[in-house]
Amino acid sequence: MASTIAEIPREVLETFARSDEYHNSFLLRPDEGLEYASEHIRENGLMHHMSVPASQGEFLKLVVLAIGAKRVLEVGTLGGYSTIWIGQGLPEDGELITLEISEVNAKVARENLAKAGIRNARVLVGNANETLAGLPTEEPFDLIFVDADKQSYPNYFLEAKRLVRTHGVIIIDNVVQKGRVADRSFARPPAIGVYPNDSTVDGVRTLLKLLKEDKEVEATTIATANEKGYDGFLYAIKL
């Protein structure tokens, strides 16, 4: 583990963004629903930088298709951008439940989902820890995607493991955070507007410690370098 993580030079971040844009120009098709969602999120003052990049949205859609998912749970809706990507991969009789703490965000998300033609998604408003605890296990989910408050990641993971089917997939976003999670010297708040405080780092570190001792899942971290900078997500399968 590295002792310190230096800030990434601007020219490197520009290279990440340029490379992401180049590949997306070949691999991602224009989508009016997603374009509308991005603009609608900005217009309503939501933190658009917290939405997944388009390339990761496509990845989520591909996972849904690859595993033949019919039931998906998302923790952290924001404006529904990632929700649309996931919904596009589901069959007509599929079900998508997405959890959001803010009624304002949920309203924007519902409008975006309607505009994008996603009819099989439900936005549940409330504290995600409480909502998750109330979800039954009788109908397990095929995929659970977590992109919410990082300090709750350990509990979100435990609830996701309870709710996902055997050999189902759990994806947890923002587990690299520009290398800060691996930076032993990190003990200060990062730049305003990126991650609010050390609890975001501590939440991921606690999650990783849980995973190290957990014999019921196989997991890996996949680092990403794209238009949003340097980060990564955790990909786990319940055994």
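## Helix 1 and what covers it

In this predicted model, the elements that cover the buried residues of helix 1 include helix 3 (54–66), strand 6 (217–226) and strand 7 (229–238). The buried residues in question are Phe16, Asp20 and Asn24, and because they cover an arc of only 60 degrees around the axis, they lie on the same side of helix 1. The face turned away from that buried side carries exposed residues, namely Arg10, Glu11, Arg18, Glu21, Tyr22, Ser25 and Phe26.

Helix 1 itself runs over residues 10–27 and has 18 residues. From its first C-alpha to its last it reaches 26 Å, which is close to the 26 Å expected at 1.5 Å a residue.

Leu28 is found in the loop between helix 1 and helix 2 (32–43). With a relative accessible area of 18%, Leu28 counts as buried, because buried means under 20%. When its neighbours within four places in sequence are left aside, Leu28 is in contact with Ala54, Ser55, Glu58 and Trp85.

## Helices 7 and 8

Two packed helices are described by the angle between their axes and the distance between the axes. Helix 7 (residues 153–163) and helix 8 (residues 199–213) pack at an angle of about 40 degrees, and their axes are 8 Å apart; the two helices are therefore oblique to each other.

On the side of helix 7, the residues that meet helix 8 are Tyr153, Pro154 and Phe157, while helix 8 contributes Gly203, Val204, Thr206, Leu207, Leu210 and Leu211.

Definitions and conventions. Residues are numbered from 1 along each chain as its sequence is written. This is a predicted model: local features need pLDDT of at least 70, side-chain atom pairs count only at pLDDT 80 or more; totals for chains, interfaces and linings use all residues. Side-chain values use heavy atoms; hydrogens and water are left out. Axes are lines fitted to C-alpha atoms, for helices over the stretch in contact, and angles run from 0 to 180 degrees between N-to-C directions. Helices (H or I, at least four residues) and strands (E, at least two) are DSSP runs, numbered from the N terminus. Angles under 35 degrees count as roughly parallel, over 145 as roughly antiparallel, 65 to 115 as roughly perpendicular and the rest as oblique. Contact means heavy atoms within 4.5 Å. The expected span of a helix is 1.5 Å times one less than its number of residues. Buried means under 20% relative accessible area, exposed over 50%, partly exposed in between (1.4 Å probe, protein chains only). The arc is that of the directions from the helix axis to the C-beta atoms.
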